[in-house]
Amino acid sequence: MNSPRSDVGRWGGNPWQPPATPSPEPEPEPEPDRRSRRRGRGRSFWARCCGCCSCRSGADDDWGTEPHRDRGSGSGGRRPDSRRPPSRGGGVNAAGDGAIREGMLVVTGVDLLCSRSDQNRREHHTDEFEYDELILRRGQPFCLVLFLSRPYESSDRIILELHIGNNPEVGKGTHVIIPVGKGGSGGWKAQVTKSSGQNLNLRVHTSPSAIIGKFQFTVRTHSEAGEFLLPFDPLNEIYILFNPWCSEDIVYVDREDWRQEYVLNECGRIYYGTEAQIGERTWNYGQFDHGVLDACLYILDRRGMPYGGRGDPVSVSRVISAMVNSLDDNGVLIGNWSGDYSRGTNPSAWVGSVEILLSYLRTGSSVPYGQCWVFAGVTTTVLRCLGLATRTVTNFNSAHDTDTSLTMDIYFDENMKPLEHLNSDSVWNFHVWNDCWMKRPDLPSGFDGWQVVDATPQETSSGIFCCGPCSVESIKNGLVYMKYDTPFIFAEVNSDKVYWQRQEDGSFKIVYVEEKAIGTLIITKAIGSNMRDDITHIYKHPEGSEAERKAVETAAAHGSKPNVYATRDSAEDVTVQVEAQDAVMGQDLTVCVVLTNRGSSSRTVKLHLYLSVTFYTGVTGSVFKDNKKEVVLAPGASERVTMPVAYKEYKPHLVDQGAMLLNVSGHVKENGQVLAKQHTFRLRTPDLSLTLLGAAVVGQECEVQIVFKNPLPVTLTSVVFRLEGSGLQRPKILNVGDIGGNETVTLRQTFVPVRPGPRQLIASLDSPQLSQVHGVIQVDVAPASGGGGVFSDAGGDSHSGETIPMASRGGA
């Protein structure tokens with residue numbers, strides 16, 4: 001594939017040009033066997049990604065292979081929560097001759113009490129998973145029942161065994177042996193709670209440091225008549241996850257409201273736009289949907305993550321940050337910032353993670369296409385599904401530092417016109433990543449808590465495209481030598497914007513340092529509501545404070561330009577401010593700049609305004625409108641300079657999300673002061689209006705109405721709607737054809753709720769002419785008369801589109 005830096009909408013120093021059709025990544029080659037994989041490569045992924053995980057003794061025996069045989073079926077193709085009888089099967093003599101002798105203690109069946117309504121699933125907070133296997137959280141006991149051929153006697157010995165991987169070993173935690181009535185190793189133990197006839201009730205304690213994944217479960221018995229081994233039954237597979245409810249687990253979270261929001265909430269808000277014009281969209285994480293858990297484990301298998309390292313959330317979150325993007329490893333999502341999505345899905349069109357993850361599980365091929373909020377949304381799904389408290393975070397005015405200087409360097413010519421070919425550093429209007437909660441035993445004390453994980457491929461870390469986990473506390477204090485990737489993330493939130501002007505001799509001089517331009521607002525969805533939660537304070541000391549300046553300058557001292565602050569110019573008496581305007585897609589707009597003279601003498605300002613379109617990544621197109629004006633300011637006076645922009649002027653230049661960049665530069669005649677300011681704003685798009693037509697009840701058909709008005713005077717072609725909601729509607733694609741200029745359309749769709757409780761149904765619209773159009777409605781689902789859920793795929797396949805006629809059309 002082409003170099004990722006050829007993506008014109010993404011990398012600084014690469015001005016926008018009319019896009020060429022991108023080529024999606026090729027379908028990955030089948031995984032070779034373990035020996036050929038080791039012969040065919042140099043340093044392994046783990047040697048490059050994580051030194052502590054690369055030191056393996058002996059052969060590569062615990063490396064997982066890609067599970068092709070069951071990838072598409074998820075959990076054996078069974079539908080969730082169909083109440084099933086305990087598994088029963090013929091046992092074998094452990095001696096190997098197949099004979100069952102009289103008096104031998106034979107296990108005739110096992111009941112793992114794994115129904116959603118059973119005690120195990122409810123106590124482990126896994127009852128929302130649309131699976132009928134037993135799903136546990138480590139460090140917490142569970143109950144099971146063994147059905148025996150005769151009553152249990154005190155002389156009998158029973159051993160429970162769990163296996164994961166191709167060659168399980170006790171020393172690596174991939175083979176767990178639990179003698180009933182005796183203490184096991186590493187926190188594993190099992191006790192008899194009740195013996196009644198030929199039924200034996202057990203309570204099993206799992207280790208708080210257990211490997212996460214899908215285990216095979218078997219039982220071995222010893223009696224005077226011989227040994228018996230219960231063969232593995234796929235009905236007895238057990239999933240084990242991280243446990244934020246267990247105080248001994250290093251992912252423990254001590255607040256229940258946090259656990260409800262950051263582990264169990266299936267829906268969230270993702271913020272985008274600019275600090276002055278914050279947009280928000282609802283995202284369906286869907287971590288409990290059928291197949292999603294298998295997709296998350298498949299991601300670990302696909303990378304070949306050693307099973308022995310899967311109990312460590314630091315290693316797991318790091319490999320997820322690498323695998324959610326497709327670079328290096330044919331991971332989940334192909335990034336595309338070119339503006340041409342004809343060979344895949346526009347990143348703005350996705351409404352959740354489920355369709356993406358199920359497609360990856362089903363096909364094994366990377367899904368086109370994603371941008372930062374899609375990578376972050378999928379990462380939240382995966383980490384919450386595996387049991388890590390995770391949230392989606394948006395940083396406004398997020399810097400992309402390409403040269404480790406820890407400053408954002410912007411270069412101008414002698415007339416203060418941007419030199420785009422030199423501007424490899426860029427400031428993204430917004431960037432979305434993840435926080436996940438864990439202790440950091442690999443770091444000194446004081447760095448537990450929130451850790452940044454960023455799956456958007458920006459710069460390599462140890463040779464691969466991954467980022468984090470990085471302690472938020474180390475970011476806040478500029479401790480850029482802490483692992484992982486602290487220098488890059490620090491620069492994203494708390495570096496300075498340095499303006500360089502080319503001099504007559506060709507050299508460059510710093511003419512302005514903007515200290516409050518980066519990481520101006522960091523937000524996430526609030527706990528228990530759809531409000532925004534400002535978390536800037538956990539990433540940064542107050543702007544302008546001594547602690548904040550010390551953090552920045554300490555970090556810069558470790559960068560590639562440690563003396564950058566030594567060449568700063570003197571203070572200024574003329575200030576420039578850009579007034580935020582509420583600009584609407586399809587309408588004319590006006591930009592406004594305010595000049596203020598704070599000095600005691602008159603000032604003459606030569607002002608230049610340059611307007612261009614920009615990707616949200618800060619990569620700009622050519623200037624399509626400019627304005628020059630000379631302004632005389634009396635002492636203490638202010639003056640507004642405006643520049644009107646008509647729709648027909650900006651329409652031919654629009655790129656994704658309708659963002660524009662205003663470059664303001666100027667020169668004060670009397671004292672030589674240089675003015676420099678960059679301001680980004682976006683054109684607001686309309687929302688979809690969703691209305692529920694009737695009550696929602698589990699198992700009963702319900703109808704929703706979607707209304708949309710085209711804000712543009714041009715026809716929208718090849719319009720596609722997406723509809724999705726956990727517990728309501730499997731991902732569904734609706735092809736509706738063309739929508740005329742300023743036309744209003746109405747669609748009606750039916751769905752069958754499968755789980756009770758408050759749910760959210762999310763819709764999006766996408767076309768080549770207009771994107772970033774979304775809508776959501778709260779749906780309170782009543783339980784069916786018999787209670788519980790009814791799980792089915794009736795909501796439609798995520799990979800097939802359906803042509804839908806419009807119910808009605810109206811004029812403007």
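Biologist: Is Val-641 buried or exposed?
Modeller: Val-641 is buried, because its relative accessibility is 2% and the cut-off for buried is under 20%. Do keep in mind that this is a predicted model.

Biologist: Noted. Where does Val-641 sit?
Modeller: In strand 30, which covers residues 638-645.

Biologist: And which residues does Val-641 touch?
Modeller: Leaving out residues up to four places away in sequence, Val-641 touches Val-591, Cys-592, Val-593, Leu-607, Leu-609, Lys-629 and Val-631. Take Lys-629 as one of them: Lys-629 and Val-641 are 12 residues apart along the chain, and their C-alpha atoms are separated by 8.3 Å.

Biologist: Let's zoom out. How many helices and strands are in the chain?
Modeller: The chain has 13 helices and 42 strands. Of its 812 residues, 59% are buried.

Biologist: What share of the contacts comes from residues 24 or more positions apart?
Modeller: Counting contacts with a separation of 6 or more, 71% are between residues 24 or more positions apart.

Biologist: New topic, then. Which helix is largely enclosed by the rest of the structure?
Modeller: That would be helix 6, residues 313-323: 11 of its 11 residues are buried, so the rest of the structure largely encloses it. Among the buried residues are Arg-318, Ile-320 and Met-323.

Biologist: What caps the N-terminal end of helix 6?
Modeller: Asp-312 does, with a side-chain oxygen 3.1 Å from the backbone nitrogen of Val-314.

Biologist: Which elements give two or more residues to the lining of the second largest cavity?
Modeller: Helix 4 (256-264), strand 13 (267-273), strand 17 (390-400) and strand 24 (521-525). Strand 13 gives the most, with three residues.

Biologist: And how do the lining residues of that second largest cavity divide into nonpolar, polar and charged?
Modeller: Three are nonpolar, three are polar and five are charged. The lining includes Glu-261, Arg-269, Arg-384, Arg-391 and Lys-525.

Biologist: On to the backbone. Which peptide bonds are cis?
Modeller: Pro-469 is in the loop between strand 20 (449-453) and strand 21 (470-471). Another cis bond joins Lys-483 and Tyr-484, with omega about 0°. Tyr-484 is in the loop between helix 9 (472-476) and helix 10 (486-494).

Biologist: Why would I want to look at such spots?
Modeller: Because most peptide bonds are trans, and most residues other than glycine have a negative phi.

Biologist: How exposed is Asn-397?
Modeller: Partly exposed, since its relative accessible area is 21%.

Definitions and conventions: Residues are numbered from 1 along each chain as its sequence is written. This is a predicted model: local features need pLDDT of at least 70, side-chain atom pairs count only at pLDDT 80 or more; totals for chains, interfaces and linings use all residues. Side-chain values use heavy atoms; hydrogens and water are left out. Helices (H or I, at least four residues) and strands (E, at least two) are DSSP runs, numbered from the N terminus. Buried means under 20% relative accessible area, exposed over 50%, partly exposed in between (1.4 Å probe, protein chains only). Contact means heavy atoms within 4.5 Å. On a 1 Å grid over the protein atoms alone, a cavity is a set of points where a 1.4 Å probe fits but cannot get out, and a pocket is an open set with protein on both sides within 12 Å along at least five of seven lines; lining residues have an atom within 4 Å of a point. Ala, Val, Leu, Ile, Met, Phe, Trp, Tyr, Cys and Pro count as nonpolar, Asp, Glu, Lys and Arg as charged, and the others, Gly among them, as polar. A polar contact is a pair of N or O atoms within 3.5 Å; within protein, one must be able to donate a hydrogen and the other to accept it, and residues adjacent in sequence count only if both atoms are side-chain atoms.
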